[in-house]
Amino acid sequence: MATVNPVLDNTYDDAAKRTPLVLGGLDYAGVTDDVCKIWEEEKPQKIWFLVLGVAFSLLLVLGACVGHLLMKGTGVWGNNNPAYWGWPIVNFVFWVGIGHAGTLISAILFLFRQNWRTSINRAAEAMTIFAVICAGLFPGIHIGRVWAFYWLFPVPTEHLAMWPNFRSPLLWDVFAVSTYATVSVLFWYMGMVPDIATFRDRCKTRIGKLVYGLLSLGWTGSARAWHRYEIAYTILAALATPLVLSVHTIVSFDFAVSQVPGWHTTIFPPYFVAGAIFSGFAMVVTLLVPVRKMYGLENLITLRHLENMCKIIMATGMMVGTAYGIEFFIAWYSGVQYESYAFYNRAFGNYWWAYWIMVSCNVLIPQVFWIKWCRTTPWFMVIICIFVNIGMWFERFVITVTSLCRDFVPSSWAYFHPTWIDLLMLIGSFGLFTTLFALFCRYLPVIAMAEVKGVIPRDHDH
Amino acid sequence: MAEENTTDPTQGNSKLVGLLAQFDDPDSLVHACDQARQAGYTKTDAYSPFPVHGIDPALGIKRTVLPFIVLGIALGAVFIGLGMQWYTNGGSIGGVSTDESPLFPGYRFKISGKPYFSLPANIPVTFEVIVLSSAFASFFGMWFLNKLPMLANPLHRISRFKRATNDKFFLMIKNADAKFDRGSTEAQLNEWGAVAVEECRQDLTDIRLPGWLRLVALIGAILLMLPPVAIFRAMGMTNRAPRLHFMPDMDWQDKSKTQTVSPRLVNDEFLFADERAMRAPVDGSVARGQLDADPEMYRGIKRDYTPAVSVTTATGSVRTSLGPNQNQQDVPAAAPPAEDVSMFITTFPDEIEVTEELLARGQQRFNIYCTACHGFSGNGNGLVNQRALALAATGKATWTTAKSLHDPMVKDPEKNPIGRIFDTITNGRATMGPYGDQIPTADRWAIVAYVKALQETGIEPPVVVAEEGGAVAEGTTTEPSKTGDGTKPRP
Amino acid sequence: MHETRPAKITSPITTLNGGHIRTIPVALIVGAAGIGAALLLSGFSSKRFLFAYLTSFCFVLSISLGCLFFVTIMHLTRAGWSVTIRRIAEYWAMCSFPLFILFLPVLATVLVGSDTIYSWNVGGWSIHPHDAETTAAKAAAAASTSISDRPPLEQLKYAFLNKWFFTARIVAYFLMWGGMAWFFLKNSLKQDESGDKSLTARMQAFSAPFMILFAVTIVFSSFDLEMSLSALWFSTMFPVYFFAGAFLSGLCVIMLTGFWLQRTGRVTDEITIEHYHDLGKLMQGFIIFWGYIAFSQFMLIWYANIPEETFWYNLRINQPGWMTLSLILLVGHLFIPFFLLMGRGLRRNRQLLTLSAVFILVMHWVDHYWVIMPQMSPETNKYTLGGSGFLIDAACLVGVIALFIALFCLIARNRSLVPLKDPRLGEALNHEVH
């Protein structure tokens with residue numbers, strides 16, 4: 001039924017035939033067994049408990065910080081004149097960016113019929129949702145009085161007697177991020193329904209049968225249902241693709257509609273989107289390489305998948321690098337002294353260290369992926385991808401802080417200092433993210449079984 | 001034929017739904033579907049762990065209307081998205097704007113010079129509304145068309161069917177089909193390559209709602225009623241207790257505000273015995289930058305001066321200043337002859353160097369602080385003075401006219417040495433209030449320098465016209481006790 | 001169940017089959033006539049003619065570059081579905097190199113030191129003459145030969161915007177485009193004979209650095225050719241805007257060429273409706289992308305409202321006629337094609353696809369017109385739309401397109417219009433859109 005290929009390395013290039021996306025001679029039942037064994041094992045591995053334990057303690061740290069913030073007010077952060085947007089917004093943009101790869105892998109690669117997406121899209125979508133939760137946290141608590149959060153939405157209230165300002169990019173953000181979170185959850189859940197049905201049919205415990213039974217909606221895999229399902233999935237993908245673009249575009253509008261030098265530049269929308277994809281893919285690689293090793297999923301998440309992701313990381317990294325270059329060139333070409341100064345200051349001013357961390361991590365380090373060994377050696381690419389995400393965090397830091405600390409009024413120029421709450425919240429958000437991801441690995445289908453089965457080569461195909 | 005099969009007598013409480021045939025690979029399933037369609041079956045369905053390519057034409061499945069549903073919703077969302085923004089931000093048609101709406105009026109505010117309804121700025125939110133509505137439409141549209149969630153399905157009772165979500169493929173020919181015949185259909189299915197054929201039966205007891213579920217639903221419904229009942233009850237009652245404060249909202253802070261009562265200790269005693277929350281500075285403490293040790297610089301009094309008489313506040317001296325310089329300068333101002341003019345310095349203190357810059361500064365400060373009464377030229381005819389005189393003329397107020405700085409007595413360096421002018425600005429004189437708190441020391445010296453310069457210009461003191469003079473006389477006579485040296489109308 | 005087609009070329013005719021022998025002379029004559037008519041209609045006003053000419057030139061150049069991008073990205077992504085339409089794109093991409101000849105008239109104005117087209121070529125361009133003093137200052141800066149006599153902004157930009165550096169860059173772009181297109185075409189044709197599959201691997205390996213080269217050249221060429229027409233204006237988004245339109249029009253031309261070849265009985269079997277369907281989907285995607293880029297660029301400039309940037313849009317919005325054209329562009333380049341290509345049924349209808357492709361191409365030309373033309377006389381704002389002016393533009397467009405087609409026929413000549421022995425041929429022949 002399937003090609004028997006004892007070699008796990010499927011990164012060779014043979015133009016005459018397609019590389020198999022499922023290795024180890026797995027057939028349909030084999031795919032199901034491989035994925036379900038993670039969830040069926042009696043006791044999870046020790047490493048899972050270790051990861052969850054560490055992540056959960058970080059989550060508690062985050063909870064304590066948020067509690068402290070709510071009791072004391074936003075003054076516990078380092079945000080102050082002139083950098084009223086400090087780490088919280090940096091963390092927000094960072095997490096939202098990471099939250100882009102999931103839907104992008106799912107939606108755009110689906111529309112482009114890139115079959116290799118099937119093994120990685122589920123985990124990537126889950127990652128998207130968890131990253132968006134982390135992202136939503138920061139502006140959520142940034143509003144100070146979180147219990148009045150519903151003022152952000154056009155809720156008709158008699159006592160407030162006013163409405164949000166729809167000309168404000170911050171309000172666009174509210175709509176964009178909440179729409180994105182909702183649509184991502186729909187997309188993720190819809191993709192999971194057939195796989196949850198598999199869980200339902202294999203489940204042995206009563207509570208499991210009830211929960212997975214309800215979640216699977218009574219899915220039978222009927223051809224008519226599949227027909228509507230596939231069309232609905234395609235429509236969702238077609239909607240999600242411009243949505244992914246719009247979300248980070250709108251995040252970039254937060255900066256670019258202003259007149260602050262270094263923020264107001266028209267290339268921000270595509271540049272932010274490319275950066276988001278860049279960091280998102282890096283995060284997918286960072287997560288999937290250990291998961292693949294832990295659960296023995298080398299047959300499904302093959303080296304080819306990882307290699308492709310490395311190539312995308314390199315490509316988007318260069319797009320981001322090109323945008324840095326265009327910005328610099330136009331800052332000079334425009335002849336506007338404020339623009340020129342803003343960019344000169346970024347590279348050679350008092351935040352030069354942040355700028356050069358950004359450039360080396362985002363533009364220079366990913367260039368190692370030109371070498372085949374680098375993009376086919378899992379442990380090595382994880383290191384590179386961690387660097388990429390460090391770089392992308394610094395990119396948002398550079399954009400936010402350098403411009404604010406050197407705006408039009410020299411008398412208000414200052415140096416931004418984060419507080420320990422800022423630092424703990426950033427670390428704590430990783431705890432939240434990892435906790436959710438660890439729970440996902442244990443209780444939900446990590447790989448889209450139904451989709452992988454669809455790309456297993458059939459006999460007449462070769 | 002179909003009617004015969006709707007109830008199967010041998011199976012008592014169950015109904016035959018159809019025949020389920022199992023296949024081991026997608027190609028044989030598609031092949032069997034094709035055969036079934038060609039054999040004339042229409043009420044058929046196939047079940048597979050993943051969408052099998054080519055099964056739609058084999059089963060004769062028509063394209064779903066879902067895309068059109070989504071398109072319709074999306075077009076509607078354009079109007080909803082734009083309309084929402086237009087309404088809430090106070091858009092208007094023909095001069096009638098939504099902010100005049102009696103219920104939930106629109107809210108107008110000017111932001112960065114943009115119109116209330118500015119299309120480019122409203123595109124992003126409109127786009128998000130379209131995407132959100134369309135996503136819901138396609139997601140729940142799929143549920144609706146597929147009749148999901150459908151948790152009770154006879155197929156789930158068949159243990160073989162559990163592999164439909166794993167690795168096996170099934171074709172069901174339904175009992176409801178006109179061509180269905182229990183025996184021949186089974187034969188056909190076997191002929192088309194089925195690995196196994198099995199009956200699918202609907203257990204009629206499955207359809208009924210279990211009794212315990214009704215009880216749970218009833219209890220749930222009653223419990224759900226409780227919150228609204230509690231809310232309505234609370235709304236219909238008066239309650240004098242302070243409302244619950246779920247969030248502190250910075251309403252309570254660990255500090256005492258000015259002019260409030262001292263915080264109390266646990267045993268209900270006051271923390272401060274005088275029951276005031278505000279504290280005076282500790283005796284002998286000097287605030288930063290307020291030492292002011294040099295009397296020449298800070299008070300205009302000679303360093304070597306020792307008061308010959310102990311001074312007390314004379315009657316008629318109006319002092320409102322509570323500044324730190326007060327006690328040193330408690331000089332009776334109402335009686336110039338009794339005042340020891342010799343204590344004042346006659347030249348500028350060492351720190352002050354009279355330059356053009358200082359004079360310019362003095363002029364500027366003078367124009368800010370002094371001209372309201374004394375006028376720009378210093379002849380005592382400022383706007384406040386004019387207005388007060390006009391009011392005094394109608395008897396509505398009393399007023400002591402402002403002093404002309406060109407008055408010979410004021411000009412006289414014997415009677416008014418430099419230190420004394422400084423003292424006048426600092427502590428006031430007669431009806432003139434003290435300016436020590438408003439004007440920094442150096443600026444007061446600058447004003448002194450400017451006043452001296454102004455006096456050198458030789459501007460004649462104004463001649464009070466008759467009516468005004470009368471008014472002044474009237475005004476001054478009403479309060480004779482307060483007429484100091486500056487109150488006599490000029491002849 | 002479905003039949004798998006063998007990986008073999010079955011069309012009876014896979015070349016132009018002598019069609020070029022007739023087409024080339026006709027195209028050359030039409031080209032000469034069109035350009036001649038435009039010259040005549042413009043009353044030999046070099047400025048009016050050259051602006052119309054530059055618009056049409058940028059239009060065909062962007063098509064060629066769009067096709068070059070298509071070829072590069074298809075190799076980069078190891079695409080199999082597009083093999084049978086790739087050769088058409090390769091020929092169009094190869095046209096980019098000889099297009100340099102068509103750019104010579106424009107380049108000549110730069111080299112002789114004239115500011116007919118590029119105002120930065122003569123000093124004083126940054127001065128807006130609105131009274132006697134500014135007019136005199138402008139004249140003085142123009143008359144002076146020394147760079148140091150110019151306003152500081154001009155001195156700064158002179159480092160980039162001067163005739164020698166400009167010429168050097170233009171030559172470099174065309175060399176790089178030509179080199180890349182030639183590399184792909186040469187190896188692809190070589191494979192037709194040998195069937196060597198390592199050539200595919202070779203082209204894939206080179207496609208990655210070529211993509212970088214393409215990005216750099218498209219960024220700076222868009223700055224040079226179109227953005228520097230208004231030497232004061234700057235927008236970091238402009239190259240992306242240029243690229244979005246270029247790739248979109250490239251897709252349209254590939255599709256139309258396919259239709260034309262198949263209508264005339266060539267390559268009838270190899271290009272199927274499935275390929276057109278996928279091209280249609282890409283077109284719709286890039287219509288949205290173009291709209292997204294155009295909107296973002298406009299919105300950011302409109303919102304921030306900085307005079308250094310807004311004047312460019314002001315010329316295109318607050319002028320009689322130009323607002324209409326802007327709206328036509330918005331509706332015609334975004335909404336109409338969006339709905340024309342929406343839905344599977346519409347994307348599989350050849351007539352409708354032809355209509356959409358032609359319509360998008362017209363709109364793409366309008367897009368270049370909208371970018372270039374208002375810079376003809378931005379100071380006096382005398383240039384208004386409409387009337388006989390359109391005849392000049394139309395004649396020029398017809399002429400340049402005819403020359404472009406002649407180039408295509410010249411390059412394609414007797415060569416095969418589909419790759420004959422591409423290792424992924426089977427995949428393309430069996431391509432199916434679900």
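In this predicted model, α9(A) and α10(A) cross with left-handed geometry. A crossing is left-handed if the near helix is turned anticlockwise from the far one by less than a right angle, and right-handed if clockwise. Helices (H or I, at least four residues) and strands (E, at least two) are DSSP runs, numbered from the N terminus. Here α9 covers residues 303–333 of chain A and α10 covers residues 337–348 of chain A. Their axes come within 7 Å and cross at roughly 140°. That makes α9(A) oblique to α10(A). Axes are lines fitted to C-alpha atoms, for helices over the stretch in contact, and angles run from 0 to 180 degrees between N-to-C directions. Angles under 35 degrees count as roughly parallel, over 145 as roughly antiparallel, 65 to 115 as roughly perpendicular and the rest as oblique.

Now the residues. From α9(A), Glu327(A), Phe328(A), Ala331(A) and Trp332(A) meet Glu339(A), Ser340(A), Ala342(A) and Phe343(A) of α10(A). Two residues are in contact if their C-beta atoms, placed from the backbone, lie within 7 Å. By class, this contact of α9(A) with α10(A) has five nonpolar, one polar and two charged residues. The classes are nonpolar (Ala, Val, Leu, Ile, Met, Phe, Trp, Tyr, Cys and Pro), charged (Asp, Glu, Lys and Arg) and polar (the others, Gly among them).

Next comes another helix pair in chain A. The axes of α7 (residues 223–256) and α8 (residues 268–294) of chain A come within 8 Å and cross at roughly 125°. That makes α7(A) oblique to α8(A). This crossing of α7(A) and α8(A) is right-handed. On the α7(A) side, the contact is made by Leu245(A), His248(A), Thr249(A), Val251(A), Ser252(A), Phe255(A) and Ala256(A). Facing them from α8(A) are Phe268(A), Pro269(A), Phe272(A), Val273(A) and Ala276(A). The contact of α7(A) with α8(A) has nine nonpolar, three polar and no charged residues.

Step back to the whole of chain A. Its secondary structure comes to 15 helices and zero strands. The radius of gyration of chain A (taken over C-alpha atoms) is 23 Å, close to the 23 Å that the globule rule gives for 462 residues, so chain A is as compact as a globular protein of that length. The globule rule is 2.2 Å times the number of residues to the power 0.38. Along its principal axes the C-alpha trace of chain A spans about 75 × 55 × 40 Å. Buried residues make up 55% of chain A. A residue is buried if 20 or more other C-beta atoms, placed from the backbone, lie within 10 Å of its own.

Chain B has 16 helices and six strands. Of its 491 residues, 31% count as buried.

How many residues of chain B are in contact with chain A? There are 57, and they touch 54 residues of chain A. In chain B, β2 (44–47), α3 (55–59), α4 (66–88) and α5 (119–145) each supply at least two residues of that side. The largest share, 15 residues, comes from α5(B). The side of chain B that touches chain A divides into 34 nonpolar, 15 polar and eight charged residues.

Chain B also touches chain C, with eight residues from each chain.

Residues are numbered from 1 along each chain as its sequence is written, while chains are lettered from A and ligands numbered from 1 in the order in which they are written. In this predicted model, local features need pLDDT of at least 70 and side-chain atom pairs count only at pLDDT 80 or more, whereas totals for chains, interfaces and linings use all residues.

Conventions. Buried ≥ 20, exposed ≤ 12 C-beta atoms within 10 Å, placed from the backbone.
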